[in-house]
Amino acid sequence: MAGSLSKNKQGLRMLIPGCVLQLFLGILYVWSVFVAPVSEKLAWDINQVKLTSSFMLSFFVVGILVGGRLLPKLGAQKVTLGGGLMLAAGMLAAAFVPPGAPWLIFVTYGVVGGFGVGAAYNAIISSAQKWFPQNRGFATGVTVCAFGFSTVIFAPLIEWLIKGYGVKISFLILSAAFFTVVVALYSFIKLPDAAAASPASEALLAKKQFTLKQTLASKEFYLLTFSLMLGTAAFFILNPSLKTLAPERGLNGAMGTALVMVTGVANALGRLAVPLLSDKIGRNWGALCTIAVTSICAATMCFAQSYLFMGLVAVTAFCYGGFSGIYPLLAADYFGIKNVASNYGAIMVGFALSALLFPIGLRVITGDTQKFIVLAILAAVGASLVVVLMISKKKKAA
């Protein structure tokens, strides 16, 4: 694999800047660090502030879907630039949200920022898959790994900024940093032209290439979409609450921050490891193992304390990262690589539904034990959908 990667110099010239951009776009997952200080600044209930993460993740998917549709028309450079500038603009506007209208944080950081991240994210992943047709697991894994690793860098940095300069100045600094990085690197993100086509890419294109309409008409689409929705629910409940859950499970304040960072590392590693593993054992088996482990972790969290709880959160984050790495590959495997940007965007609707519905819907469950039992059941149902997908594929092959 190393030899084929080193020969693809044009692809590497796209992949390396793409990973840097993904590192900054991954600010999506650091909202738990903002929750308490933003709640204090806006004089707003902390549970309402936590919902900003759900809005951002939901519109992240809308950005993926719309960006995927625009990619063939505008090109990867323009979609990446537009998405990155929207993130910077959302951060800038978030700095000026007044206590009198705290819900505007949903619009600025959540809707505008989330949409921008999704559009740029999809453009980078789609470009990476097409530049590395023989190493799609590696290329996809590396780009989404950089996205997930953002938490490790930005969680302590943002905490330091907020303590030293306050929430408003922190948003302004982050906005300026994102603007600078996006403007400097967006021109490197582009799709390969026909002259750069390789035998491997031609072989992938020789398979049936589903349009978005054809994808939406297939049962595989719904099995993939709902398995993703159910498998990611546990992480969406845990992620915005990490700082508040930590002391409840016997972890002090410093360990709470460490938990956020550990989650970021695990998330990033899952994004790289699961796609690479799926190259060996198959995409469906990779997805099934990831969702099954998520279910086991959620069930064990019913009673876990201290470092066991931290370990289970890390494994759940690893699996969540794995979903982000393997589902773009599943979209290409089932529906072809030509329209993977729009087809993957459609599958990510399941991700958006999970991010929005479960944090709101499960608020009616007050006890942690009951909540984690529900999350374990949801993931188990998601795993059963992947089993159905595997059986269906086997029957078609026969």
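Predicted model: local features only at pLDDT ≥ 70, side-chain atom pairs only at ≥ 80, totals over all residues.
Biologist: How is a pair of aromatic rings described?

Modeller: Two quantities are used, namely the distance of the centres and the angle of the planes. In this structure, the ring centres of Phe154 and Phe178 are 6.0 Å apart and their planes stand at 70°, so this pair is edge-to-face.

Biologist: Are Phe154 and Phe178 buried or exposed?

Modeller: Phe154 and Phe178 are both buried. A further edge-to-face pair is formed by Phe210 and Phe335, with 5.4 Å from centre to centre and 75° between the planes. This pair links distant parts of the chain, 125 residues apart: Phe210 is in the loop between α8 (199-206) and α9 (212-216), whereas Phe335 belongs to helix α15. Phe210 and Phe335 are likewise buried.

Biologist: Which residues do ring pairs link into a cluster?

Modeller: The cluster consists of Phe60, Tyr121, Phe147, Phe235, Phe236, Tyr320 and Phe351.

Biologist: How are two packed helices described?

Modeller: One states the angle between their axes and the distance between the axes. Here, the axes of α7 (residues 136-185) and α15 (residues 306-335) come within 9 Å and cross at roughly 140°. The two helices are therefore oblique to each other, and their crossing is right-handed.

Biologist: Which residues make the contact?

Modeller: Helix α7 contributes Arg136, Gly137, Thr140 and Val144, while α15 contributes Ser324, Gly325, Pro328, Leu329, Ala332 and Asp333.

Notes:
Residues numbered from 1 in each chain as written. Heavy atoms only, no water. Axes fitted to C-alpha atoms, helices over the stretch in contact; angles between N-to-C directions. Helix = DSSP H or I, 4+ residues; strand = E, 2+ residues; numbered from the N terminus. Parallel < 35°, antiparallel > 145°, perpendicular 65-115°, else oblique. Left-handed = near helix turned anticlockwise from the far one by under 90°. Contact = heavy atoms within 4.5 Å. Phe/Tyr/Trp six-rings, centres within 6.5 Å; stacked < 30°, edge-to-face > 60°. Buried < 20%, exposed > 50% of the residue type's maximum accessible area, 1.4 Å probe, protein only.
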